[in-house]
Amino acid sequence: MNKKNLNDIWVSGKKVLVRVDYNVPMDKAGNITDDTRIRATIPTLEFLLSKNAAVIIASHLGRPKGKIAPEFSLKPVAKKLSQLLHDREVLFANDSVGPEARKMAAALQPGQLLMLENLRFNPEEEKNDPEFAKQLAGLAEILVNDAFGVSHRAHASVHGITKYIPAVSGFLMDKELLFLGQAVTDPVHPFVAIIGGAKVSDKIGVIENLLNKVDTLIIGGGMANTFLAAQGYQTGKSLVEADKLVLAKELIATAKTKGVNLLLPEDVVVAENFAADADHKAVAVTQIPSEWMALDIGPATAGKFAAALRGAKTVVWNGPMGVFEFDAFAIGTEAVAKAVAASGAKSIVGGGDSVAALEKLKLAAKITHISTGGGASLEFLEGKELPGIAALADK
Ligand SMILES: Nc1ncnc2c1ncn2[C@@H]1O[C@H](COP(=O)(O)OP(=O)(O)OP(=O)(O)O)[C@@H](O)[C@H]1O
Ligand SMILES: O=C(O)[C@H](O)COP(=O)(O)O
């Protein structure tokens, strides 16, 4: 990529603002339930500290809608970061561009770390407000953008700010762009993509773009029902997007024209109702009872999908094959997770459910790259230009 990264600039003794995506899940008591996104930025932070930069960390957490909301405070995240950095002190400012942040940033010494409070406590962040961006830029000399997960948002801390101070990518951003970039621009074939999750409407762009690149496209999860309905199967009470039937038909036709091997479920696990303990059974897609709903791919389909993954050289996976939250309907997703891990392909996985399945099965280490981006990795796979990446300084 023709953008500057951390190796292209002098950071020693400089004040560096690092934009990270510490939008991590927390339980009701404020405990971080998955710290992957924090751990993923440690190489960038350690590099900056080893170079004696004064490091100011900025992030959002959740969607507090421009208002101060204690449940969205980044304080617990600062504590977690300190632990992950072997109890190194992480100073904390109770605002992001206010008097406290300004004072603490000004006093920050080389080798020290300061975390700002949630950027989204200010409505100006999401509005990409130039004055807010300028104030944020005023805290530092350089922006290091390691927040791949938010690079699809034209927000002040990833976009507007780059008008005032130079912006380069951090190591996490580099890693995301390298792996996702290779998959969309220069994949090694055979290239197999697996797309699942609830709705076709969320992933139309991804499917359309991947149809130009893949050899095999596997579709599972709730969205597969719309494709089944489009082919004329009775889908009972399954989740089907009636307004997407024509589109699903078009996508099936496009796959054919482009010579893509499109794989849809042949059998599904149907349930009497949407519940963890619902009565359920595997049936052929021609046999879905009118009062039942498909909540997982069936065993024959899982076998077919696994076979399609054998010999793949590049695999992209996003979205579960069924209602993974209920054990009875997690079997298809787990079978796909095992097949991706066993494929030996360069594998790129995005999305919380797919990653959770891999972690549950202790297979995450077998994946080449687990993306920290949700919406951002989807938009990247759609082939869109992400504003936070476009705004990085050119080489
Ligand atoms: N057959 C189905 N019927 C109804 N819901 C389904 C079905 N299959 C999967 N789902 C639901 O889809 C949801 C995930 O879909 P979503 O579109 O949010 O995927 P995603 O967020 O991209 O995936 P990930 O969480 O891996 O990123 C899960 O909550 C799952 O229960
Ligand atoms: O979790 C994410 O996908 C990112 O942090 C972006 O969050 P957002 O969808 O609230 O902008």
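Biologist: Does Ala167 count as buried or exposed?

Modeller: This is a predicted model, and the answer rests on its coordinates. Ala167 lies in strand 6, residues 167–169. A residue needs 20 or more other C-beta atoms within 10 Å to be called buried. Ala167 has 25 C-beta neighbours inside 10 Å, and therefore it counts as buried.

Biologist: Which residues does Ala167 touch, not counting residues up to four places away in sequence?

Modeller: Ala167 and Ile9 are 158 residues apart in sequence, and their C-alpha atoms are 9.9 Å apart in space. Beyond the residues up to four places away in sequence, Ala167 touches Leu143, Asn145, Thr162, Ala391, Leu392 and Ala393.

Biologist: Into which domains is the protein divided, and how many residues of domain 1 are in contact with domain 2?

Modeller: The protein is divided into domain 1, residues 6–172, and domain 2, residues 180–381. Their centres, taken over C-alpha atoms, are separated by 35 Å. Six residues of domain 2 take part in the contact, and on the side of domain 1 the number is 10.

Biologist: Which residues does Ile57 touch, not counting residues up to four places away in sequence?

Modeller: When residues up to four places away in sequence are set aside, Ile57 touches Val18, Val20, Leu113, Leu114, Met115 and Leu116.

Biologist: How many residues of strand 1 are buried, and on which sides do they stand?

Modeller: Strand 1 comprises residues 15–19 and is mostly covered, with five of its five residues buried. In a regular strand the side chains alternate between the two faces of the sheet. Both faces of strand 1 are covered: one side has Lys15, Leu17 and Arg19, and the other has Val16 and Val18.

Biologist: Which residues stand opposite Val16 in strand 2 and in strand 5?

Modeller: Strand 1 pairs with strand 2, residues 54–58, in the parallel sense over five bridges. Strand 1 also runs parallel to strand 5, residues 142–145, and four bridges join them. Opposite Val16 stands, in strand 2, Val55, and in strand 5, Ile142.

Biologist: Why are the buried residues of helix 11 placed on the same side?

Modeller: In helix 11, residues 299–309, the buried residues are Thr301, Ala302, Phe305, Ala308 and Leu309. They lie on the same side of the helix because they cover an arc around its axis of only 125°.

Biologist: Which residues does the UniProt annotation "binding site" cover, and does Lys203 count as buried or exposed?

Modeller: The annotation comes from an unreviewed UniProt entry and covers Lys203, Glu325, Gly351, Gly352, Asp353 and Ser354. Lys203 is found in the loop between strand 7 (191–195) and helix 8 (204–210). Leaving aside neighbours within four places in sequence, Lys203 is in contact with Ile195, Gly197, Met223 and Leu378. Because Lys203 has 22 C-beta neighbours inside 10 Å, it counts as buried.

Biologist: With which residues is Gly351 in contact, leaving aside its neighbours within four places in sequence?

Modeller: Gly351 lies in the loop between strand 14 (346–350) and helix 13 (352–360). Gly351 is buried, with 22 other C-beta atoms within 10 Å. Its contacts, apart from neighbours within four places in sequence, are Asn318, Gly319 and Gly374.

Biologist: Is Lys362 buried or exposed?

Modeller: Lys362 lies in the loop between helix 13 and strand 15 (369–370). Lys362 has a positive phi of about 55° although it is not a glycine. With 9 C-beta neighbours inside 10 Å, Lys362 counts as exposed.

Biologist: Is the peptide bond from His189 to Pro190 cis or trans?

Modeller: Pro190 is placed in the loop between helix 7 (171–185) and strand 7. The omega of the bond from His189 to Pro190 is near 0°, and the bond is cis.

How values were computed: Residues numbered from 1 in each chain as written. Chains lettered and ligands numbered in written order. Predicted model: local features only at pLDDT ≥ 70, side-chain atom pairs only at ≥ 80, totals over all residues. Contact = placed C-beta atoms within 7 Å. Buried ≥ 20, exposed ≤ 12 C-beta atoms within 10 Å, placed from the backbone. Helix = DSSP H or I, 4+ residues; strand = E, 2+ residues; numbered from the N terminus. Arc of directions from axis to C-beta. Pairing = 2+ DSSP bridges. UniProt positions renumbered as here; feature names shortened; annotations may be inferred. Domains from an automatic or database assignment.
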